[in-house]
Amino acid sequence: MDERDVRLLKTISDLGTGSPERLHEETGIPVSTIHYRLNNLREDGVIENDLYDIDHEALGLGVTVIVEVLAGYEGPYEEFAEELLAVEGVTEAFFTMGETDFVVLARLSSSDTVERLISDFEAIPEVERTNSTFTIATLRDEPRAPATYDLDTLLAELTD
């Protein structure tokens, strides 16, 4: 990845769009070059999709619950993780080191649905215990990590 790729990714993150015309306006990189580089970044797996971001609260899934899962499972963690990921409402899950085995983030429609979520987790035989935390307010929910960095930092850390 070179400086132009990083500049494009940072601009996509800041603007929330991959429109070649908008990227050209912001970066001065020619539209044809932008098309070429975006295709290469897709082929390399850096850009995963062209989906629209959804405001979970506006959609009606405004209750965010963070669940720590302690589990006693045998075999690869990925197999057990599939059971966690199958629980409705789970939007993110992380395999962790330390006392907690997994951290799961769920987006729910109301506080009434939290009981269902926890019951679904506890119905998985390998789940030993859960610890749930309701969020009061979302301070940052940025799906594009480059938006949280200064361009100079990204260039220093990511370019060849």
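Helices (H or I, at least four residues) and strands (E, at least two) are DSSP runs, numbered from the N terminus. The model is predicted: local features need pLDDT of at least 70, side-chain atom pairs count only at pLDDT 80 or more, and totals for chains, interfaces and linings use all residues. Residues are numbered from 1 along each chain as its sequence is written, and side-chain values use heavy atoms, without hydrogens or water.

**View A. The sheet has four strands in the order β2-β3-β1-β4.**
The sheet is open, and its pairing is antiparallel (two strands pair if DSSP finds at least two bridges between them). β2 and β4 (127-134) are the edge strands, each pairing on one side only. From one strand to the next, the twist averages 20° (axes are lines fitted to C-alpha atoms, with angles from 0 to 180 degrees between N-to-C directions).

**View B. Strand β1 (residues 63-71) pairs with β3 and with β4.**
Seven bridges join β1 to β3 in the antiparallel sense. V65 has A106 of β3 as its bridge partner. V69 is bridged to F102, also in β3. Antiparallel pairing of β1 and β4 runs over seven bridges. Seven of the nine residues of β1 are buried, which leaves the strand mostly covered (buried means under 20% relative accessible area, exposed over 50%, partly exposed in between; 1.4 Å probe, protein chains only).

**View C. The hairpin of β2 and β3 has six residues between its strands.**
In this hairpin, G98 takes a positive phi near 110°. Five bridges hold β2 and β3 in antiparallel pairing. F95 stands opposite F102 of β3. Six of the seven residues of β3 are buried, so the rest of the structure largely encloses this strand.

**View D. Ring pairs gather five aromatic residues into a cluster.**
The members are Y73, Y77, F80, F95 and F102. Rings of Phe, Tyr and Trp (its six-membered ring) pair if their centres lie within 6.5 Å; planes under 30 degrees apart count as stacked, over 60 as edge-to-face and the rest as tilted. By this rule, there are five aromatic pairs. The pair of F80 and F102 is tilted, because the ring centres are 5.2 Å apart and the planes stand at 50°. This pair links distant parts of the chain, 22 residues apart. F80 sits in helix α5 (residues 77-85), while F102 sits in strand β3 (residues 102-108). F80 is buried, with a relative accessible area of 3%. F102 is buried too, at 2% relative accessibility. The rings of F95 and F102 also make a tilted pair, since their centres lie 5.3 Å apart and their planes meet at 50°. F95 counts as partly exposed, at 43% relative accessibility.

**View E. The largest pocket holds about 1200 Å³ of space.**
A pocket is an open set of points, on a 1 Å grid over the protein atoms alone, where a 1.4 Å probe fits, with protein on both sides within 12 Å along at least five of seven lines; lining residues have an atom within 4 Å of a point. The volume is the space filled by probe spheres set on the points, which are joined across faces, edges and corners. The lining of the largest pocket comprises 33 residues. Closest to the centre are N49, L51, D53, P143 and R144. Elements giving two or more residues to this lining are α1 (3-15), α3 (31-43), α4 (56-59) and β2 (90-95). The most come from α1, which gives three residues. By class, the lining has twelve nonpolar, ten polar and eleven charged residues (Ala, Val, Leu, Ile, Met, Phe, Trp, Tyr, Cys and Pro count as nonpolar, Asp, Glu, Lys and Arg as charged, and the others, Gly among them, as polar).

**View F. I34 belongs to helix α3.**
I34 is buried, at 0% relative accessibility. Along the chain, I34 and V6 are 28 residues apart. Their C-alpha atoms are separated by 12 Å.
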